[in-house]
Amino acid sequence: QSRHGTLWQGLTCLFALQLPLVSAQVAEVEKATNASLLWGPYRPNLYFGVRPRIPKGLMGGLMWTRVEDYQSVQANFRHTCEQHELDGYGWDEYDVRSGGRQTIHDPGNKIDMTTEFIKYPGGEHGGSWGARIKGTPREDASPNLRTTVIWYNTLEGLGSLEVTGADKEETGIEGDVVLSGRTMELGDFELKVTEGKGAHPHTGHPSYDDKPLDRTLVHSGQVPEEAIWQAKALLFAHMKGQIDVLIPKYGEQNPPPPAQVYTIQHLPGRGNMHLVQKVFEGPFEFDILFSSGSAPEKLTSEHLTEQIDSVTSSFSTRFTEIFKPQAPFVKKRYEEFSKSLFSNLIGGIGYFFGDSRVDRSYDPAYEEDNEGFWEEAAEARSRNQAQLEGPSELFTAIPSRPFFPRGFLWDEGFHLLPVIDWDADLTLDIIKSWFQLMDEDGWIAREQILGAEARSKVPEEFQVQYPHYANPPTLFMVITAFLDKLDAIKTDTSSEKLQQEKSYSTQLSNREAALQYLRTLYPLLKRNYFWYRKTQAGDIKSYDREAFSTKEGYRWRGRTPQHILTSGLDDYPRAQPPHPGELHVDLISWMGMMTRAIKRIAVYLDEQDDAAEFARYDEAIVRNIDDLHWSDKEKTYCDATIDDYEEHSLICHKGYISLFPFLTGLVDKDSKRLGAVLDLIEDEDELWSPYGIRSLSKSDEFYHTAEDYWRGPVWMPINYLAVSQLLNIAQASGPHQSRATKMYNELRKRLVDTVYESWKETGFAWEQYNPETGKGQRTQHFTGWTSLVVKIMAMPDLSDWVRDEL
Ligand code: 6A9
């Protein structure tokens, strides 16, 4: 048993043990909640892929290509999301509980696709679902554009899946294709791929007699489980086999046309993989209907048609209630933009299951206590073998479907900030999933690369996770947001938005359920908190000044001369050369945020001793941020290190790092440092750009140098923290209130305009934005934390306040 396995079981016990405390009502609602989350497009790395939140079971996926010439097919066969092959794709509307619609613009195949996905609760096994797949030739397509579409299903683990009612001797299936199956978790089910609508090519080639294209071809087979996620590779191998038979049969002089060549062998039957192929000419449409055996009735295309309309209209109503963009973003197009970004965030949620690579050597070189530690650590990393741990599961949102379709710890805290406004229960479920990944010591790996499919996207040197590496504890911000909501619901009964949120969530409407959740999570949060305190502690023994007597000083482990990947701000300039006596101002700020969050939960749960302990840390952190990190000379917060004379010295590269005490809410509205923080933000020669706050000051020697990743470009998560803090200051009386109000209005406008303009121009959200041109750059279709702009649009418009004052 791996450490991990034991922990997992321990946790399951933990949850189970407390169950008698939960009222029957809470348990009932929890079951329903889980049931409505069972199915989803939880394979976000695919353009369209469906699976349940179960380690092994039934999965499905879609592939398509234009079949007009022989050459383009290989390159144009769509399956996994890839950068730069489409003109925009994603969910225009999506809700995890009911479903939504995705549109895909595919110029290479001259077609626009829509995938509508609808969930039907009911029965004992998580309900049924339906998907409608539509293809509409684009303007430049010939009127008889030929498209091949393949829907496939696979089955992992125990169970059965087979095509029923099909005759193997036939050349294809006329009408609907029906698969029936069962597994332990899903019970009996039926999956129907309907005949649908659309014309089929009549190629006139002699091969047509063997394979008339007006029928659906189905190939069933058994493949090794390790290969099951590689549907496209398997399909290609299979088609190659078909071609090797076809070409000799008809001769190189008279080969069948592409639409005929690229077809599968019709062989319906049993197996763990079933490919269902349709070949169309012009526009088409068909449905995939999954009916759970225990659901009250079987799903039909009529049901789907009906439900698609109702899901769309209730999504819109709800969206307006929760996220209606506020002035000046009142034009309809902003709402569309906001819906699309939010839907992609929530439609990008995935379920991952598999083993992961961890280096558990606990090599002494990883202690980083000597000068030159980074070289020793680098050697140790190449010397030590990583083991496969797990398997474990994770339910999470992701930064980007084409490029990073997996969980990232600190990204997730930002993802969940908009999600918690929409669906608090879902959010708490995701948080729970993350904390279940924690090991006995309290460590959660920064990047969750679970299973072979996830690993296939990551170069080997980046796969290994180290149990002494941290990442900002942003999930604690989300728990704080949850507590804010609980408090607000109690005191503010007039807010319609809050009432709306409450009506949608058990945890917000049932105090017992909320307490139960927090009580169960609390020991895990504590373990995680103390892991950070212990493993990322800074070495401040050498300071003898009185103010340093508490130990609150922190250092990210795992740095190299050029990077601190663990901080999340990869290449941001830091002290040179690295030194074990360094202290990082962003980390102590995160620790401050984390301490306040856990203190608040302790108070909530009436854990008085804990609360008092956390309060002491809180106070000491706030004091040490000033004592250890404030530079009187530079008028800003800085990292610290030990210089050549063995003295504490500050390393100041103005930028996001300098703002961290402010960003994490530790600089009070009345603080004497706040004026200087605002000066730095608002200075055009430093951080203030027309497109948002720059990651590094324009005046810094490293601005836009080397990789230029966090050395200038504008990033949304940090800007979101800044705009939120400005709003806080604007809303309470204090010496900087009116200035903060102006800055808030201006920053909010710039951020929204920036993301909106790039989206309008390119069809995508981007990883970061250029501070000189405002253009989106780096990863395309970055619908993770960039989606925070949805919340920024929904923030209040305070421009009247500024006018009134003038
Ligand atoms: C390396 C390449 C196909 C980098 O959004 C995720 C993270 C952030 O947490 C971090 O703060 N991104 C930011 O600096 C992207 C990291 C991607 C690493 C993947 C392998 C994959 O090649």
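This briefing walks through some features of the structure above, topic by topic. The model is predicted, so treat each value below as computed from that model. Let's start with the core: the largest nonpolar core has 190 residues, and helix α16 gives the most to this core.

**The nonpolar core**

- In soluble globular proteins, nonpolar side chains tend to be buried together.
- Within the largest nonpolar core, which counts 190 residues, W129, F435 and F662 touch the most other members.
- Helix α16 contributes twelve residues to this core, the most of any element.
- Apart from this core lies another one, made of 23 residues, and V67, F77, I150 and V223 are among them.
- Which residues does F662 touch, leaving aside those up to four places away in sequence? They are V667, L674, V677, L678, I681, A722, Q725, L726 and I729.

**Helix α18, a covered helix**

- Helix α18 spans residues 656–663 and is mostly covered, with eight of its eight residues buried.
- After α18 comes G665, which has a positive phi near 80 degrees.

**Helices α15 and α16, a packed pair**

- Two packed helices are described by the angle between their axes and the distance between the axes.
- Helix α15 covers residues 511–535 and helix α16 covers residues 585–604; their axes come within 10 Å and cross at roughly 140 degrees.
- This crossing of α15 and α16 is left-handed.
- On the α15 side, the contact is made by R511, L515, L518, Y522, L525, K526, N528, Y529, Y532 and R533.
- On the α16 side, the contact is made by M591, M594, T595, I598, I601, A602 and Y604.
- How many of the residues in the contact of α15 with α16 are nonpolar, polar and charged? The residues divide into twelve nonpolar, two polar and three charged.

**L521, a residue of helix α15**

- L521 sits in helix α15.
- Is L521 buried or exposed? Its relative accessibility is 1%, and buried means under 20%, so L521 counts as buried.
- L521 touches I431, F435 and I479, not counting residues up to four places away in sequence.
- Along the sequence, L521 and F435 are 86 residues apart, yet in space their C-alpha atoms are 8.1 Å apart.

**Aromatic pairs**

- The structure holds 55 aromatic pairs, and two of them are described here.
- F319 and F323 form a tilted pair, with 5.4 Å from centre to centre and 50 degrees between the planes.
- Both F319 and F323 belong to helix α6, where they are four residues apart, about one turn of the helix.
- F319 and F323 are both buried.
- Why is the pair of W410 and F414 edge-to-face? The ring centres are 5.6 Å apart and the planes stand at 80 degrees; planes over 60 degrees apart count as edge-to-face, so W410 and F414 fall in that group.
- W410 and F414 are separated by about one helical turn because they are four residues apart in helix α9, which spans residues 409–422.
- W410 and F414 are both buried.
- An α-helix has 3.6 residues a turn, so residues three or four places apart point the same way.

**Cis peptide bonds**

- A327 and P328 are joined by a cis peptide bond, with omega about 5 degrees.
- P328 lies in the loop between α6 (301–323) and α7 (332–347).
- From G390 to P391 the peptide bond is also cis, and omega is near 5 degrees.
- P391 lies in strand β16, residues 387–396.

- K635 is a residue other than glycine, and its phi is positive, near 55 degrees.
- Where is K635? The loop between β19 (630–631) and β20 (636–637) holds K635.
- With a relative accessible area of 47%, K635 is partly exposed.
- R778, again a residue other than glycine, has a positive phi near 60 degrees.
- R778 is found in strand β26, residues 776–780.
- The relative accessible area of R778 is 40%, so R778 is partly exposed.

Notes. Residues are numbered from 1 along each chain as its sequence is written. This is a predicted model: local features need pLDDT of at least 70, side-chain atom pairs count only at pLDDT 80 or more; totals for chains, interfaces and linings use all residues. Side-chain values use heavy atoms; hydrogens and water are left out. Axes are lines fitted to C-alpha atoms, for helices over the stretch in contact, and angles run from 0 to 180 degrees between N-to-C directions. Helices (H or I, at least four residues) and strands (E, at least two) are DSSP runs, numbered from the N terminus. A crossing is left-handed if the near helix is turned anticlockwise from the far one by less than a right angle, and right-handed if clockwise. Contact means heavy atoms within 4.5 Å. Ala, Val, Leu, Ile, Met, Phe, Trp, Tyr, Cys and Pro count as nonpolar, Asp, Glu, Lys and Arg as charged, and the others, Gly among them, as polar. Buried means under 20% relative accessible area, exposed over 50%, partly exposed in between (1.4 Å probe, protein chains only). A nonpolar core is a set of buried Ala, Val, Leu, Ile, Met, Phe, Trp, Tyr and Cys residues joined through side-chain atoms within 4.5 Å. Rings of Phe, Tyr and Trp (its six-membered ring) pair if their centres lie within 6.5 Å; planes under 30 degrees apart count as stacked, over 60 as edge-to-face and the rest as tilted.
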